[in-house]
Amino acid sequence: MYNLLRQRASYLKYPAIDFTRELVRTPSQSLKEKLVAKKIAQKMYELGYDQVIEDDYGNVVGIIFGLESEPCILLNSHMDTVPAVKPSSDWYLPPYEGVVWDDNLYGLGAVDCKSGIAAQLYAGHLLKKLLVPLRGHLIVAVTVAEENGLSVGINYLCAKTLPSLGMKPSYAILGEPTNLCLYYGHDGWISLDIDYNTPDIKYARRITQSLVKKIALNTRSDNYLPELEVVSTNKSIDTFDKSHQHARVQLVKRLYAGDNADSIIDKIQGYALDTEKNYNGTRIDVKVHEEKQQLYNGKNISVSYIINAWETDPFSSLIDRSRQAITTAGCKVKPGKWQLTHLGMGTGGSILTQKYHIPTIGYGPGDEKQAHECNECVAVDNIVAAILGTAVIVQGLIGVPVFGWTSDIDI
Amino acid sequence: MNVFVINCGSSSLKYRLIAMPEEKEIIAGEAQRIGPKTEEPSRIVHNSGGHVDTFFVNMTNHAQAFTEVMKIIEEHQKIIPDAFGHRLVHGGSALNKDVLLNSDILAKLDETVEYAPIHNPPSIALIKACIARYPNSPQVIVLDTAFHTTLPLYAKDYAIPVWLSKKLNIKKFGFHGISHHFVAEEAAKYLGIPISRLNAVSCHLGSGGASLCAVVKGQSIDNTMGFTPLQGLVMSTRCGDVDPAVTLNLIACFEGDYKAVQSTLNKNSGILGMTGTSADIRDILAKSVLTEGYSSPYFITSHIYTWRLKKYLGAYLTIAHPVHAIIFTDTIGETVPYIRKEVCSEMDIFGVHVDDKKNSYIENYPSDISESWSPVRILVVKTNEELAIARNTYKLIKNNSGD
Amino acid sequence: MPKILVLIPTHNMLVYAVYSTENKKEIEKNVIKNFRYDQKDQTQINLNQTNAYYKLNLLSLLYDIDMIGIRGLYGGTNFKSPVQVNNTVLKKLESMIPESPLNVPVILELIRQVQKIFKDTSIILFFETAFFVNLPVQEQLYALNAEITQNMKIRRYGYHGLFHENACRITASNRNITEQTGDSKILSICLDPIPELATICGHQPLTVTSGITPLDGLPGNTTCGELDSGIIITLEEKMGWGPEEINNILTHQSGLTGLACRKITVAEVLNTCEPGLIPVREYLFYRILLTCGAGLAVLHELDAIVISGRYARSAEPLVQWLKTKLSFVKLRNGKNIIFDYIFTPLELIIAQKMITMYNEKQDNLKSKIITIN
């Protein structure tokens, strides 16, 4: 069976590349995913998915029905991208053309996460085309507002859409960039609004520096990854306008496994209280940064800027079975975790594992280092490898066992 | 020469002191319930010249059991054995024949554990305890697998990639070799044929494990057990032959927990697994078709048991042809006429004809239960693994001292 | 005159053959490679654009096809004989997908495609396992825990029922066995990429070497045949492999290929003079001899040994060797052992059965007309 899957996956190379290019050519910054959503839905119909749904948040869900309803697997990638970090003129290949050069596909979102979308859609198609029976349903969900909306799309999918379909995933695989490794988690981060109410606004910068120093002293510093960032300060800090006694600083702090957001906030509020003592009449409030946003379909939502750290047990049967399946298909595999080289990055894994208790791993064609970077690109061979790898993982987890049977014996 | 023979079970230790070459048994006994506490206390049942004593002593492991046994023998019998014969179930890749123990061999013993992780460790612990107590006495290791080292390649190999077989030393080892060899020798004596000319099919049917062995010119050419004792016949709790796809499916069902699968196939299959009530075929046969019906699990189980036996018997009669004798031995083979009859009936095509009258009642062992005109004799021979170990021990020591 | 069409699908290829109902002659026969895909980009799942569709459509235009026969590998306990496709049959087949996940879905898809092209033509399914549905229970079952046997529906089947049944019927008829001595007692050896031996008494198979899947039993081109389960446990433990990887090794890299250390077929091994392959041949011959002996034990008597299958024409070295090893066996008629060869290809076996059905149908029609008149 694996020989057959490998052979057939190779035929999907150019269609998958073409589709990824099409997605890259369709700009889909967060909250503006309408056009790309339509293309994804259309492709699912073409590829023969049994049911294709666009839910109230704009997520696109394709389903391949299994023989029974359980165990059910969710393949998830997000359709939105971050804005280009630099203007198009700075890219040596244009960000919205999807140019393939030197076996790499270039463009904004190529890695994060449009090649992942293509790999997952075609993985489902591959299994369906080869008539590989599945015990439970295969759900391929391409969700909105992951980059800017902190996975509100996937949250809605799990809270409302899937339950309305009578489906609860037993496992989830994210198509986020993992460079074809099996990723089992990442750190989180929390964005905090530090609001000052102070009689002397010139204190604000000093207070910020003091607070940041205090927080930095009490955080881990044993790796090279960013721990703390000051995202923004509002103008009032710099103006020393005596009429403005309010200022706001937005901080982003890394969260580790086991960190509790409430206790982090309490701790920082504690530092703030200490800091207040040194500045008479100053009051500092710490709370999670929230924003009101509007999805592409007009729906208004409120987003809290918090991504909890998450980790699936690296010795769990999910990772073990996935590793075994990929190895049998002749693909190399190694486990790892996303590094989150910038604070503010994340995946839907946090929501899936922490809130909905769905064991989750990541397996995608892109390289995390390329994500959100200028000249973002993905190796095209990785897309084919990801189609095959994702298909064999799905078969290994929810496929009907095929032990003892061979499909390749010719007459 | 007084040879002390030690035969370890998982929670027992059988011993005999046998005067060789006379083959006279001086002492026999068994240490029972070794290891964790059971409902009844651990004990040594000691038989000396027909007089049986029971000693209740604490024995948490086999080494301790050995010490207690030897204390009894030294203190009560005032005997110190001249030599020791130890049974080892599996020699692995380190040992492929019976050996006189030396420091090199001793160093290799631990390598054999992985091949028989349940049986070998107590035997090795016991060997070490014996050496410590009697460092100057010759010690011989007699292997259950040694008799089957003569299997030809086409019988020993499995049809898996050669590199894999070589890497993991995967081949058919065969088991119950001590018993099969012993009963073949006894059968040859009984028939008046030199062992080097004997062709036979030996059926070691125990209340636990069971195997058939095809013997040609006194040498084993095939055995129903394989790389492990799991292969072959239907046994008390082992499944015997099974489609590899079943094992793979079970591993997937148990989410990769191969130990659980191993336990299921070894301890919760076979007669016990099929009936759910007993692991002993005698209990199953006792529930006759008249009381339980042809579709009852008991009838079906007994039918599967005898059917597979019969097929293997036919297979081995074919490869060992012309066969002088079929030999039945061990608990079931020696004491259950129904099994012998079922397996040997309608085997005229092989020249096998069982005499029902002789089969139903056996006075002496060995006994011939075939029709007088049957080209192939059917013998029932009592196995005596301890005597076989004593013979091999004596022979090896004599040859060694001769050298 | 109407024609019949025989279809034999695997995952990658579709063998088709057209026969005349009048003289049973083969009119056309060929193989469609990649039949489930289209020429252009190999991705379409539109059944109207596959290679099979184009060819079958052409056949429907060229010939007056009265009946279509499709060979399926696995029919489970539901199908004990050839069956005409209807909605009930399709539903039963769908329920059997978990039991034979690589074969049943292919058959279902092919049936749907054929139904679209040959709109009102009868489709008859012939299953290899059908002949073995009534294996004696002591042969069917493994000595496994009763709960596992029941939950996993574990029982033994044979996977060359069409070859075995045909070979035994012809042999019994040619040698007038049934007339002379009642039910025939035959050892049937099917030499195919996965060889299989069955013992048959009359029309009743008593034993078969295959298992719950074709993996058990005799070694094939790349399949391991019977294997100590302890080896599988050892592979998992020592190599860290999962069941998929072990399955891949046992189904694609083992058997005669595994022993020969190169890709090889049963036919090549049967005919080889290459010194390096002699041990491989000895292995195969030995396994077959063991199963012959096992078969003789349950048959009690023997009328013939028959060879069939795709590699039957390569069987001579095996037959000569078996003759010496089984020289002690006397047939029921007192003569020395005989071997019959039945070279009928699978598609012709199916065609002959269908022609018989066709003729019966015609006779029934005729008798109805006579009655009305």
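Which domains does the domain assignment of chain C give? There are two entries: domain 1 covers 3-127, and domain 2 covers 153-341. Keep in mind that this is a predicted model.

**Between the domains**

The C-alpha centres of domain 1 of chain C and domain 2 of chain C are 28 Å apart. The two domains do touch. Seven residues of domain 1 of chain C contact five residues of domain 2 of chain C. The table lists the interface values.

| Domain 1 of chain C with domain 2 of chain C | Value |
|---|---|
| Area buried between them | about 570 Å² |
| Part of that area on carbon and sulfur atoms | 67% |
| Salt bridges | one salt bridge |
| Residue pairs in polar contact (both at pLDDT 80 or more) | one residue pair |

What kinds of residues does domain 1 of chain C have on the side that touches domain 2 of chain C? By class, that side has three nonpolar, two polar and two charged residues.

One salt bridge deserves a name. K153(C) pairs with E99(C), and their closest N and O atoms are 3.6 Å apart. A salt bridge needs a side-chain nitrogen of Lys or Arg within 4 Å of a carboxyl oxygen of Asp or Glu.

**A sheet in chain C**

Chain C also has an open sheet of six strands. Their order is β3-β2-β1-β4-β6-β5, with mixed pairing. At the edges stand β3 (26-33) and β5 (83-84) of chain C. Each has a single partner strand, so one side of each lacks a neighbour in the sheet.

Now look at one pair. Strand β4 (residues 65-72) of chain C runs parallel to strand β6 (residues 122-127) of chain C, and six bridges join them. R71(C) stands opposite F126(C) in β6(C). In general, strands of a sheet pair through backbone hydrogen bonds, either parallel or antiparallel.

Terms used:
Residues numbered from 1 in each chain as written. Chains lettered and ligands numbered in written order. Predicted model: local features only at pLDDT ≥ 70, side-chain atom pairs only at ≥ 80, totals over all residues. Heavy atoms only, no water. Domains from an automatic or database assignment. Contact = heavy atoms within 4.5 Å. Buried area = accessible area lost by both parts, 1.4 Å probe. Polar contact = N/O pair within 3.5 Å; in protein donor to acceptor, adjacent residues only side chain to side chain. Nonpolar A, V, L, I, M, F, W, Y, C, P; charged D, E, K, R; others polar. Pairing = 2+ DSSP bridges. Helix = DSSP H or I, 4+ residues; strand = E, 2+ residues; numbered from the N terminus.
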